[in-house]
Each structure stands twice: as C-alpha cells, then as structure tokens.
Amino acid sequence: MRVNAYAAPAAGQPLVPTTIERRDVGSHDVLIEIQYAGICHSDIHTVNGDWGPQPFPVVPGHEIVGIVAEVGADVTRHQVGDRVGVGCLVNSCGDCTNCQGGDEQYCAKGMVPTYAGVDRDGTTTQGGYSTHVVVDADYVLSVPQSLDPAAAAPLLCAGITTYAPLRRWGAGPGKKVAIVGLGGLGHMAVKIAHALGAEVTVLSQSLKKQEDGLRLGADAYHATSDPTTFEQLAGRFDLIINTVSAGIDLNAYLGLLAVDGTLVNVGAPAEPLSLNVMSLIGGRRNFAGSMIGGIALTQEMLDFCAVHGIGSEVEVVPADRVNQAYERVLASDVRYRFVVDTTTLN
Ligand code: NAP
Ligand code: ZN
C-alpha cells in the first residue's frame, strides 16, 4: 500500500512531501488510519543527525493516534473503528528478560523503533507523519474515548517518558519533585506529577511561562537564569526530572537534591554532559536515565490520563507547516506540543 507522508530526505534538510510503502496487513497486524502525530524533539534530533547517521529518507513521528481500518485474522485486542495509538516502539523480541518483565523498550535484542529502525522483515520503519501505518497488534495501545485525540497523541511519547520515572521514583504525596524545562515532555511531567499528588516545581530558563506552569499544576516556578535559584533551592528535591534537549550544568542541578534524592535525565542532547562525582558523593545522591516505557505501562498511563482528564496542550498544524514547527521547537517557542493533523496529507 502506497501512502502519503512527510520525510526528511537527508540530515538537516527540511522535510518534504513524499510517498512510502506500507506492508500488507499480516495475521497479527493492525492497519491504522492516522489522525494526529505529535512532533517530539527526538524527531528533530534524529533528522538533524544529532544522534548519528540515519537511514534517510526518514518519516518521523512516534506519537500516533488514529482509527483501526483493518485487522489481521489473529488479532483479538483491537477492532475496526477503535481509537488507538502507537508510541516509540513497534516490535521487540518478546522473549528476553526485559521484554518478559514489561520493559520492551530495553529488549536485549534491540527494540524496533517506530521510525529509522530495522523492522523484523528487514525493511526500514517509517513513522507517523503519514496517512496510514501497519503495526503488530501487541504494540498498539487503546486510546480512551474521553481523551481528545489530538491532545492524546503526545501521551504516546512525552506522556510515557515522564510517567515512567515519576512512577518508578515514587512521585506522590509528600514528595518534592522538580521538572527542568517546560516543553513537550516538561509540561506533561508537571501535569502527571501534580495528578500523582507530588509538590511540583518548574525550573525553566526564564519566568516567561510561569503563569502557564502554575495553571498546569506546578506549585512553584523558578528561572534557572537567576543564580539565586540554585542557592534558594539547595538540597530541596526528592526527585528531579531533566527534560532539557541541550546540555545543562548537571552539578548545579544535583545540588538541588536532598540526601538520597535522584536526578533522572530523560533529555537526550547530542553532546555528553560533565559530571563531578562529588555532586553525588556529598548527599548520597543518584543520577539515572530513563527511556520511554513498556507497552503495559503505556496503557496504564493512558488510562491514568483518562481518569484525571489529562491531555497535552497542543498546537495542531497542517503537514506543510512541519518545518516551521521544528524551528519553533528549537527556539523553545512551543506551547507545549505541536501535533500534525495528518489528514492534511490526504
Ligand atoms: P522541547 O519541547 O523542545 O522541550 C525542551 C525544553 O528544554 C524547552 O522547551 C526549554 O524549556 C528547555 N531548553 C531547551 N534548550 C535549552 C537550553 N539550551 N538550556 C536550558 N533549557 C533549554 O523537547 P521535548 O520534546 O520535550 O524533548 C526534550 C528532550 O527529551 C529531547 O532531548 C528529546 O530527544 C528527549 N526525549 C527523550 C525521551 C526518552 O525516552 N528519554 C523521549 C522523548 C524525548 P524552558 O523554555 O522551560 O527552559
Ligand atoms: Zn518522542
């Protein structure tokens, strides 16, 4: 099946309209008619070559929401007409300890990413900036009807990437949590941490978005450009989630942790960060990373968001405005997630 899509032809090049081939619907596959695809900063890192060479052309998009158009003979989980989602992974081995433990994203044989990955049949995966996608039913999520579909799309990456560490490191009543960077991931982290009952502080470059941050659920908001922020908040937080797409002064942020506190890095900048181990030793502090989340946890997150009425704050754009949206994300001018209306590709 040949479908319309938007692709980056080469590293750092603007995206252009194109067509791509989708595989036939296998017995365990679902064909999804895509409605919305979020624009994640990871899409931009990928097409800009920040993370190394890629198999161009690349159709980005791993925050996919749409409607099931066809199912294979063996599919019981989803039916034609269901509203479904696809996140950052479309396959994994299913047998290794990590897959068996629900951490398919850490599959020992390598998870298959939604785009720029090698699918089980040897072809290159292509993402959600397109009209249709065919995905193994086990990697397709149910999107609750009460969620607005455009606002639900970013949950498939920004939502799960922040929900997973917030849950794992116990964000909840009595816990002081700081979110660094109020972009796509950051604003989801604020909403989710607030819904989990934690005391939430935003650490943003400036106070420009303070009003929004407080409205989204933050209890406090500080500018990291103000050096007194780091004196005032020293030793305060149990958990810090760093969502920044660029390098930060890790040691300054580690100083904001209480004894035994943890800074979890989900931001994935191109360059290595510098760590002075004294920042960990003094205070028995922890520094960790976390990558998206497994399929079962992603479904749990979607259901949690439905119960709490949580969606992303989105600016919906037609496909031909993707390149402009990329520029605005790079300029930290996003409030708070661009979502492509993929029906404009028809
Ligand atoms: P985003 O919407 O661009 O948000 C990043 C935010 O970081 C910006 O809005 C800005 O917030 C802050 N920021 C940007 N440049 C900065 C700088 N030079 N110094 C300080 N702060 C800066 O990006 P996103 O989509 O949320 O993604 C964030 C990062 O997470 C990316 O690196 C992405 O690849 C990564 N990611 C990781 C995973 C994972 O599984 N670990 C999953 C998805 C994305 P303020 O204006 O509030 O300061
Ligand atoms: Zn993403």
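Predicted model: local features only at pLDDT ≥ 70, side-chain atom pairs only at ≥ 80, totals over all residues.
Residues are numbered from 1 along each chain as its sequence is written, chains are lettered from A and ligands numbered from 1 in the order in which they are written, and side-chain values use heavy atoms, with hydrogens and water left out.

The chain is divided into domain 1 (2–155 + 312–345) and domain 2 (159–289), with bounds taken from an automatic or database domain assignment. The centres of the two domains, computed over C-alpha atoms, lie 27 Å apart. Contact (heavy atoms within 4.5 Å) involves 12 residues of domain 1 and 19 residues of domain 2.

Between them, the domains bury about 1,300 Å², of which 50% is on carbon and sulfur atoms; buried area is the accessible area (1.4 Å probe) that two parts lose on being put together, summed over both. Of the area that domain 1 buries against domain 2, 44% is supplied by Leu155, Glu313 and Tyr336, more than by any other three residues.

Three salt bridges are found across the interface of domain 1 and domain 2, the criterion being a side-chain nitrogen of Lys or Arg within 4 Å of a carboxyl oxygen of Asp or Glu. Glu313 forms a salt bridge with Arg215, with 3.6 Å between the closest N and O atoms.

Ligand 1 is surrounded by 29 residues, a residue being counted if one of its heavy atoms lies within 4 Å of the molecule. The closest are His41, His45, Leu182, Ser204 and Arg337. In the side chain of Ser204, an N or O atom is 2.5 Å from an oxygen atom of ligand 1. Backbone atoms also approach the ligand: a polar backbone atom of Leu185 is 2.8 Å from an oxygen atom of ligand 1, and a backbone N or O atom of Ser290 lies 2.9 Å from a nitrogen atom of ligand 1. Taken alone, ligand 1 exposes 920 Å², and the protein buries 88% of that, with accessible areas computed by the Shrake-Rupley method with a 1.4 Å probe.

Key. Polar contact = N/O pair within 3.5 Å; in protein donor to acceptor, adjacent residues only side chain to side chain.
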